[in-house]
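Colleague: Could you take me through this model in questions and answers, with the cut-offs behind each term?

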Amino acid sequence: MITPALPLSHEKREPPASADESITAWALAARGGDSAAVDHFVRALHRDVIRYVAHLCADPQAVDDLAQDTFLRALGSLHRFEGRSSARAWLLAIARRAVADSLRYTAVRPRRADLPDWELAVELAQPRGLPGFDDGVALLELLASLPDERREAFVLTQLLGLPYAEAAELSDCPVGTVRSRVARARATLMALLAEAEQPAPSASPALAAA
């Protein structure tokens, strides 16, 4: 039986404030040339960048390269980071721009072959064991049914734990819009989970006798 459970609201899934404060502190220390802080900063956010890029990118084969590009851009821009927002939100904004630049480049470059959808990269990046998605219903398949903006809002707040205010800043929209997108995404996912729980229709007597 599939349990119709979704990730909890961001207030319960959001990393402790101390976690984001530590990451931001590492970013500021890395800006000052602390090589150990650079390592801590990259390790702390590498998985978040991979997962976020995977949900945005149309080319799963490019996810690792885009994540690397994100960190290269970030490390090259650390001198401009002042800690006014969390380092997590700052880095994800860079990741978003890296994906957008890649998509623009791909749009003007002839394609040599058709590439699979982004779902493969999501599957590779998605951790196992999330409640409600371990009985044959893959989270990536459910997320694929959402409009892009709702999927991004859900990923940012419910999977990556970004506060609504920072997700709104990252998505360049009001906080209320993010809340609405997340609520609609959750409603859609809950409906899909409920539908998946419905028993399959039994075969008709005629078909059973055939």
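This is a predicted model: local features need pLDDT of at least 70, side-chain atom pairs count only at pLDDT 80 or more; totals for chains, interfaces and linings use all residues.

Modeller: Residues are numbered from 1 along each chain as its sequence is written, and side-chain values use heavy atoms, with hydrogens and water left out.

Colleague: How many helices and strands does the secondary structure of the chain come to?

Modeller: Helices (H or I, at least four residues) and strands (E, at least two) are DSSP runs, numbered from the N terminus. Along the sequence the pattern reads α-α-α-α-α-α-α-α-α-α-α, and the count is 11 helices and zero strands.

Colleague: What percentage of the residues in the chain is buried?

Modeller: Buried means under 20% relative accessible area, exposed over 50%, and partly exposed in between, with a 1.4 Å probe and protein chains only. Of the 210 residues in the chain, the buried share is 40%.

Colleague: Which residues of α9 are buried?

Modeller: Helix α9 spans residues 164-171 and is mostly covered, with six of its eight residues buried. Those buried residues are Y164, E166, A167, A168, L170 and S171.

Colleague: At what angle do α8 and α9 pack?

Modeller: Two packed helices are described by the angle between their axes and the distance between the axes. Axes here are lines fitted to C-alpha atoms, for helices over the stretch in contact, and angles run from 0 to 180 degrees between N-to-C directions. For α8 (residues 148-159) and α9 the axes are 10 Å apart, and the packing angle is about 145 degrees.

Colleague: Is Q158 buried or exposed, and which side chain does the side chain of Q158 join in a polar contact?

Modeller: Q158 lies in helix α8, and because its relative accessibility is 1%, Q158 counts as buried. A polar contact is a pair of N or O atoms within 3.5 Å, where within protein one must be able to donate a hydrogen and the other to accept it, and residues adjacent in sequence count only if both atoms are side-chain atoms. At 3.0 Å, the side chain joined to that of Q158 is that of T157.

Colleague: With which side chain does R151 make a polar contact?

Modeller: R151 also belongs to helix α8, and it counts as buried because its relative accessibility is 7%. Its side chain makes a polar contact, at 2.9 Å, with the side chain of D148.

Colleague: What is the phi of D172?

Modeller: D172 lies in the loop between α9 and α10 (175-197), and because its relative accessibility is 71%, D172 counts as exposed. Most residues other than glycine have a negative phi. D172, a residue other than glycine, has a positive phi, near 60 degrees.
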